[in-house]
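Take a look at the structure below. Then read on for a short tour of its parts.

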Amino acid sequence: MMTDPVQPLAIALSRCGKTFADGTRALEPLDLEIKAGETVVFLGPSGCGKTTTLRIIAGLEDPDAGGRVLFDGVDVTAQPIEQRNVGMVFQSYALFPNMTVAENIGYGLRVRRAKKPAIAARVDEMLGMMRIEPLADRRIDQLSGGQRQRVALARALAVRPRALLLDEPLTALDAKLRDALRLEIDELLRRLGITAIYVTHDQAEAMALGDRIAVMDHGKMAQIGPPREIYRRPATRFVADFIGTMNRISGVARGGVFVTDAGAVPWLEAPPGTTEALFRPEDVTVVDEGQAHLKGSVVAAFFLGDRTRLFVKVDANKPLVVETDARRDYAHGETVGLRIDPRGLMAL
Amino acid sequence: MKKRAVLFWAQLGFTLMVCAFLIVPVVLSMLAGVTVNYQNGLESGLTLRWIGEVWAGYRQTIFLSIGISLVCLAVTLVLGVPAAYVLAKRQNAMTRAIEELLVMPVAVPGLATALALIVTYGGAGGFRTSWTFILVGHVLFTLPFMVRSVLAVLSAIDLKTLEESASSLGAGFGQRFFQIVLPNCRGGILAGSLMVVTLSMGEFNMTWLLHTPLTKTLPVGLADAYASLRLEIGSAYTLVFFVMIVPLLLAMQAMSRPRKSKTAKADIGEE
Ligand SMILES: Nc1ncnc2c1ncn2[C@@H]1O[C@H](COP(=O)(O)OP(=O)(O)OP(=O)(O)O)[C@@H](O)[C@H]1O
Ligand SMILES: [Mg+2]
C-alpha cells in the first residue's frame, strides 16, 4: 500500500490563552511545542480546555490577544482554518449527509478544484487504506459508528494535511470497537509519519497513542512528557491522581527509612522533609508478615481472574490498593504484610 | 382482535365522513362549472362553455397569480434562506427576538397589513397601481413561512460542526454555503417553497385591498365572478383554480420525497 510523502509539520503555541465572550476563562496563556511527526495526546478531565486548545491550533478559535500559533516557525494566527491545511476528525464525525461516502472523502479535493480522475484515484486509495471499499456509494445514514469514523479519517487524510487533529474520535463507539480502531489509528499515524494531536479523556488511549502526553487541568498544562514519564514521575498531585492508581502513605523520612504508623520502608533517596510517600499498586507485593514493610487489614477484595485486587487499610488515609496473584481468598479484616519496591517510591 | 377491527372500521368510517364533508361541496361546485344549467341539474347536460368564458374574461388573473406567486417564491428564497441561515448560526437574544417577530405577519390579519401598506405607500402612484404592490404584500405574508421552514431543518442538523469540517477541508464561505448548507436544507427549502406558492396563489384578504381593476389575481377574480356573474361561471372558475393548483401541489410534494431521509436525519453522536 502506498504511503504519502508527507512533510510533517512542527506546531508551536506561544502564550495562547482563551477567554470566551461570556467571560469563561477556558485557557490560561500556555506555551507548547510539538515536533514534526510527533503524536501528542491532550489528556484531562472534562472542561479542562483540551478542545479549546485543539481548536486554536486548527484555526477554529482565535487565541486571546498576545497568543500566537506557529506552523514550522511561521505565524499563522491570523490565517483562517481553510488556509491552514490541517485535517480534523470530530467526535460527532461531521460527515456531510448530502453526499455519499466517496463524495465525502473527495470533498477536500473537489474544493481544491482537483481534476475528476485525480479525485477518483485518491478516493479509491483512501477507501483501500481504511478498508471500506464496499461502502463507497453508501449514504452516511447507512453506516455504523465505526464505519463513519473510518470515513471521517479517510476524508481528513485525503487532502494530505500537514497535521491531523482528532477530538475524541473514539468516544462515541463501544469499548471493543474503540480498542480495534485505536490500534488502527496508531498504526496509521506511525505509517504516515504525520504530526498528530489527539484529544481524549481516556488514559489508556493516551498511553497507547501518545509519543508525549500533555495532561491538562483547569486550562493549564499540568505536565507534558512521554507516557512512561507521566506515569512514573508525575509532576503534580493532580497528574499523580489522574493517571493510573496512586497509593499514598504519611510518615517521616529518617536515615534512609520512611517511618509510618504501619511500619518502616527503606527509602534511601527520600527527599529531605518528605512527609508522604506515593507508589503504584504494581510496586507492592503481598508477603508474609515476617518480611513485610507495612502491615494492614483487608477492607475489600476483588477477584479479577488472573489476580486479586485488595484494599488494605494501614492508617487513617484512604486504603492502599494492592494486587496479588496468590491463589487464595482474602477475608475481610484479615491482616496482610506488604513489601514495597523502593524504586517505585515517589515524593511530591 | 375483534375489538380492534371494530375500532379500525369505526375510525375509517369517521375519516371518510370528514373527507366527504369537505370534498363533496368542492366536487359539486366543480360539477356546476361544467353543467349547462345548474338550476336544472346534470340532466341539462355538460358543457365547456363556462370554462371558455372564464378563459376569455379572466385569463389575465390566472397569469398574474402564477406570475406573482413565482416572483414571490424567488424573492422569499433569496431573502428567506440566507435569513434562516443567519438565524440558525447566531443564537443570541437578538436573533430570538427576530424569530418571534417573524410570526407577526401571520398573527396580524392580512387586512391590517394591507391597510398599513396602503397608508404608507398608497400615494406612490406608479407603485400603488402595479402588480409589485401586491407582490410586496405577498412577500411580507409568506416570507416567515419560508424562513421558519428552512430554520427548522437547519436547527435539526449540526450545522456548526458540518461547516467547521468543511472549512478544515479547505472550503471557503461560498463553497460551504452552496455545497454543504443549501443541499442539507433542501427539504426545508422545498417545503417552504410549497407553502409560499400555495399561500400566494390563494391569498385573498390582503390582495382584495391591494388590487386595482388592472391587477386582479385569481382569487380576487373568483370573488368577482361569484358576486356578479352566473353561478356556473364562478364554479368553472373554481375548477380552473383546482386544475392549476393541484398538479403544482402534487409535483412539489413528489419532489420533496425521495431524498427525505438523507436530509432530515441529523448526524448522530453529540458531545
Ligand atoms: N463557545 C464557548 N463559550 C463559552 N465557554 C466555552 C465555549 N466553549 C467552551 N467553553 C468553556 O471552556 C472550558 C473548556 O472547554 P473545552 O471544550 O476546551 O473542554 P474539554 O477539555 O474539551 O472538555 P470535554 O472533555 O468535556 O470535551 C469549559 O469550561 C467550557 O464550558
Ligand atoms: Mg472537548
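This report covers the ligand, the interface and chain B in turn.

## The model

This is a predicted model. Keep that in mind while reading each distance and area below.

## Around ligand 1

Where does ligand 1 lie? Its place is between chains A and B. A shell of 14 residues surrounds ligand 1. The closest of them are A:Ser46, A:Gly47, A:Lys50, A:Thr51 and A:Thr52.

Which element gives the largest share of this shell? The answer is helix H1 of chain A, made of residues 50-58. Helix H1 supplies three residues of the shell. Sorted by class, the shell holds seven polar residues, four charged ones and three nonpolar ones.

## Polar contacts with ligand 1

Look at the oxygen atoms of the ligand. A:Ser46 places a polar side-chain atom 2.5 Å from an oxygen atom of ligand 1. A:Glu168 also uses a polar side-chain atom, and its distance to an oxygen atom of ligand 1 is 3.2 Å. With A:Cys48 the backbone takes part: an N or O atom there lies 3.2 Å from an oxygen atom of ligand 1.

How much of ligand 1 does the protein cover? On its own, ligand 1 has 630 Å² of accessible area. The protein covers 65% of that area.

## Where chains A and B meet

Now turn to the two chains. On the side of chain A, 28 residues are in contact with chain B. On the side of chain B, 28 residues take part as well. The size of an interface is often given as the accessible area lost when the parts come together. Here the area buried between chain A and chain B is about 2,600 Å². Carbon and sulfur atoms give 52% of it. In chain A, the residues that lose the most area to chain B are A:Glu82, A:Pro97 and A:Asn98. Together they account for 22% of what that side buries.

A:Arg55 forms a salt bridge with B:Glu164, with the closest N and O atoms 2.7 Å apart.

## The chain A side

Which elements of chain A give two or more residues to the side that touches chain B? They are H1, helix H2 (81-84), strand S6 (86-89), helix H3 (101-111) and helix H5 (145-158). H3(A) gives the most, with four residues. By class, this side of chain A has 14 nonpolar, nine charged and five polar residues.

## Chain B as a whole

How many helices and strands does chain B have? The count is 14 helices and zero strands. Along its principal axes, the C-alpha trace of chain B spans about 75 × 70 × 30 Å.

Conventions
Residues are numbered from 1 along each chain as its sequence is written. Chains are lettered from A and ligands numbered from 1 in the order in which they are written. This is a predicted model: local features need pLDDT of at least 70, side-chain atom pairs count only at pLDDT 80 or more; totals for chains, interfaces and linings use all residues. Side-chain values use heavy atoms; hydrogens and water are left out. A residue is near a molecule or strand if one of its heavy atoms lies within 4 Å of it. A polar contact is a pair of N or O atoms within 3.5 Å; within protein, one must be able to donate a hydrogen and the other to accept it, and residues adjacent in sequence count only if both atoms are side-chain atoms. Accessible areas come from the Shrake-Rupley method with a 1.4 Å probe; for residues, only the protein chains shown count as cover. Ala, Val, Leu, Ile, Met, Phe, Trp, Tyr, Cys and Pro count as nonpolar, Asp, Glu, Lys and Arg as charged, and the others, Gly among them, as polar. Contact means heavy atoms within 4.5 Å. Buried area is the accessible area (1.4 Å probe) that two parts lose on being put together, summed over both. A salt bridge is a side-chain nitrogen of Lys or Arg within 4 Å of a carboxyl oxygen of Asp or Glu.
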